[in-house]
Amino acid sequence: LDTRKESEVAMVNNNEPPRRVEGKYAAIVVCWLLGNGCLFSWNSMLTIEDYYVFLFPKYHPSRVLTLVYQPFAVGTLAILAYKEDKINTRLRNLFGYTLFFISTLSILVLDLVTSGKGGLGTFIGICVFSAAFGISDAHTQGGMVGDLSYMLPEFLQSFLAGAAASGALTSALRLITKAAFKNSKNGLRKGAIMFFAISTFFELICVLLYALVFPKLPIVKYYRSKAASEGSKTVSADLAAGGIQTPSGTANEDDKQLERKGNKQLLWENIDYAIDLFLVYALTLSIFPGFLSEDTGTHSLGTWYALVLIAMYNVCDLIGRYIPLLKTLKLECRKLITIAVVSRVLFVPAFYFTAKYGTQGWMIMLTSFLGLSNGYLTVCILTSAPKGYKGPEQNALGNLLVLFLLGGIFAGVTLDWLWLIGKGW
C-alpha cells in the first residue's frame, strides 16, 4: 500500500497553482454551496420526518424512504464509476443538480395537489422522488468529489463541509418553521411546505452556480487544464464552458505519461481507505436517523426531541469536517485512521444502553460525538487518498471512494431495521 510514497513526494508539491492564478476563495465558497446542494434536498426529506410520521404512521417513513433512496444511489454510482473516464463531467453534474431541483419541486407540488393527505398512493409518490434523489446524489456527489480530487484539498474539504452544512441548515430551518407555525391551523404542514419551497429555490441556485460560475473561475480552469494535459478526457466540456478549447488528438500513443492506472489497481492500492469509508457510514446510518427518530423513548422535549437529536448530529458533523483544516489535528496515518474507524463500533452498545437507561442529556451528547467523528474521518480519508496520483487517477479514485461511502450508507440503513427486532413490527 505504500508503493507510491516516492511519487507522492515528487507530485504533492506540484498541486499548488502559480500565485497569479486567482479565484481560490471564490472557488472555496462555491464548492461549499455545491456540497450543500448535493444533499440539501435529501436532508430536507429526512428533517421533516415529524410531518411524514404524522401522514404515514404505519409505513415507518424515516426508515423506508432511506432504504428506497440507497439502492438507486449505489447502483447508479457503480455504473458511473465504471464508465467514469468516458463520461462528460459537466453534463453529469448538471443533470444531477437539475434532477434535484425537479424532484424537490415535484414533492412540493404533490403535497399541494393532495392537500396534505396521507395514504398509500401519496407515500408511493414520495418514495419515487426519494429514488430520484438517490440517482441525483450518485451523479453529483461522485462527480464533484472526483472532479475536486485533482484540485486543492481545500476545495474538496469545503465541498464535504457544505454537504454536512446542508444537514445543519435544514435542521435549523425545520426548527424555525416548526416554531413559526406551531399555533396555527395545519401548522405542521405549513412549515413543511415552506421548508420545501426554500429547498427548491436553493437547488435552482446550485444549478446556476455550477453551470455559469464555477467553470469560469481562473483557478478551476488551471486545474482542469492540468488534468487535461495529464490525459483526462472528462473535463473538455467544462473547459469549453470556461472559454478554453482542448485540441483533439493531443495524446501521443507512445507517451507513457498519459497512461493512467486502472480502477482495479487504484482500488487495491487504497482498499483500506475504501473499507474505512464503508465502515464509517455503515455504523453511522445504522443509528441515524431511524434509531434517533423512533427508538429514543419519551422525554420532556416531546415531539421536539428527535428534531433536536438530528440537529445536534448535523451541527457536530459539520464541525468535524472543519477540524482537519488544523494540520496538527488532521489524521493522515493510514493505520491510525483504521483504528479510529473500527473503534466507532462502541457506539452501538452505547446508544442501546443510553436509550434504555440514560437521560436525554446523555443521548444528545452521544449523538454529538457520532456526528463529530463521522465528519472528521470522512474529510481525513477523502483528502488523504488522492495524494500522489495524476489528475485522471484522482478523479477515478474519488468516484470509487464515494461508491464505498454510499455502499456503507446502504448497509447502515439496512442494519437500522435490526433495532426493530422484538418491537412488534
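Let's start with Tyr 52: leaving aside its neighbours within four places in sequence, this residue touches Met 45, Pro 61, Leu 65, Ile 107, Ile 126 and Phe 196. Keep in mind that this is a predicted model. Tyr 52 is also one of the residues with the most contacts inside the largest nonpolar core, which has 93 residues.

**The cores**
- Alongside Tyr 52, the residues with the most contacts inside that largest core include Leu 34, Met 45, Tyr 97, Leu 148, Phe 159 and Phe 214.
- As background, nonpolar side chains tend to be buried together in soluble globular proteins.

**The chain as a whole**
- You'll find 18 helices here and 0 strands.
- The chain has 425 residues, and 55% of them are buried.
- Take the contacts between residues at least 6 apart in sequence: 85% of them join residues at least 24 apart.
- The chain's accessible surface is about 18,400 Å², with 67% of that belonging to carbon and sulfur atoms.

**A look at helix α9**
- Helix α9 covers residues 218–229, and at 1.5 Å a residue its 12 residues should span 16 Å, which agrees with the 16 Å between its end C-alpha atoms.
- Its buried residues are Ile 219, Val 220, Tyr 223, Arg 224 and Ala 227.
- Seen down the axis of α9, those buried residues fall within an arc of 135°, so they line one face of the helix.
- Just after α9 comes Gly 231, with a positive phi of about 110°.

Terms used. Residues are numbered from 1 along each chain as its sequence is written. This is a predicted model: local features need pLDDT of at least 70, side-chain atom pairs count only at pLDDT 80 or more; totals for chains, interfaces and linings use all residues. Side-chain values use heavy atoms; hydrogens and water are left out. A nonpolar core is a set of buried Ala, Val, Leu, Ile, Met, Phe, Trp, Tyr and Cys residues joined through side-chain atoms within 4.5 Å. Buried means under 20% relative accessible area, exposed over 50%, partly exposed in between (1.4 Å probe, protein chains only). Contact means heavy atoms within 4.5 Å. Helices (H or I, at least four residues) and strands (E, at least two) are DSSP runs, numbered from the N terminus. Accessible areas come from the Shrake-Rupley method with a 1.4 Å probe; for residues, only the protein chains shown count as cover. The expected span of a helix is 1.5 Å times one less than its number of residues. The arc is that of the directions from the helix axis to the C-beta atoms.
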